[in-house]
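User: Please take me through this structure in short questions and answers. I want cut-offs stated along the way.

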Amino acid sequence: VRDVLIDGRRRDAIQMLRRTDYASDVVAQVPLASLLSFGRLHSDALAIYDHVLTLGDEHRHAALLGKADALLESGRAEESLSLFERVSAERKDLTEALDGRARALKQLGRLKEADEAFKQYVAIAGQRSELRVRSR
């Protein structure tokens with residue numbers, strides 16, 4: 001699987017990761033869901049993220065963040081915002097949740113709140129050299 005991913009063969013990677021022997025492998029399922037979402041197969045990605053959430057708590061936050069992103073990309077900004085806020089409340093150190101919250105608020109047209117959320121993200125991520133440049 002690693003070589004297929006490195007070569008950028010997303011469809012082949014999805015096909016490999018969908019095999020039944022990976023069905024309960026959280027380490028395989030989170031990237032599978034991410035690849036599906038990247039390919040705009042959001043409903044498939046959401047199903048995988050929900051499945052990952054049943055497999056234990058170790059990758060719970062990664063699954064919740066991925067699910068929130070997939071919801072946002074599929075136009076379900078209210079649900080996405082709710083998840084980003086939930087993760088932010090549970091794990092204040094996850095800057096991805098702050099960034100996602102800002103993007104969800106922007107998509108909802110709540111621009112003043114989005115701007116404040118983005119500033120919060122920049123303040124925290126900038127201290128840790130995690131800042132990603134996004135066009136707002």
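What follows is a set of questions on helices, contacts and a pocket.

Analyst: This is a predicted model, where local features need pLDDT of at least 70, side-chain atom pairs count only at pLDDT 80 or more, and totals for chains, interfaces and linings use all residues. Residues are numbered from 1 along each chain as its sequence is written, and side-chain values use heavy atoms, with hydrogens and water left out.

User: Is arginine 60 buried or exposed?

Analyst: Arginine 60 sits in helix α5, residues 60–73. Helices are DSSP runs (H or I, at least four residues), numbered from the N terminus. Buried means under 20% relative accessible area, exposed over 50%, partly exposed in between (1.4 Å probe, protein chains only). Because its relative accessibility is 19%, arginine 60 counts as buried.

User: Which side chain is joined to that of arginine 60 by a polar contact of 2.6 Å?

Analyst: A polar contact is a pair of N or O atoms within 3.5 Å; within protein, one must be able to donate a hydrogen and the other to accept it, and residues adjacent in sequence count only if both atoms are side-chain atoms. Leaving aside neighbours within four places in sequence, arginine 60 is in contact (heavy atoms within 4.5 Å) with Leu53, Arg86 and Glu90. The 2.6 Å polar contact links its side chain to that of glutamate 90.

User: Which element gives the largest share of the lining of the largest pocket?

Analyst: A pocket is an open set of points on a 1 Å grid over the protein atoms alone, where a 1.4 Å probe fits, with protein on both sides within 12 Å along at least five of seven lines; lining residues have an atom within 4 Å of a point. Among the lining residues are Val30, Tyr49, Gly66 and Asp69. Two or more residues each come from α3 (26–38), α4 (42–53) and α5. The largest share, five residues, is from α5.

User: Which residue just after α3 takes a positive phi?

Analyst: α3 has 13 residues and reaches 18 Å from its first C-alpha to its last, close to the 18 Å expected at 1.5 Å a residue; that expected span is 1.5 Å times one less than the number of residues. At its start, a side-chain oxygen of aspartate 25 comes within 3.0 Å of the backbone nitrogen of valine 27. Just after α3, the positive phi of about 65° belongs to arginine 40.

User: How far apart are the C-alpha atoms of arginine 101 and tyrosine 121?

Analyst: Arginine 101 has its place in helix α7, residues 95–107. Tyrosine 121 is 20 residues away along the chain, and the C-alpha separation is 9.2 Å.
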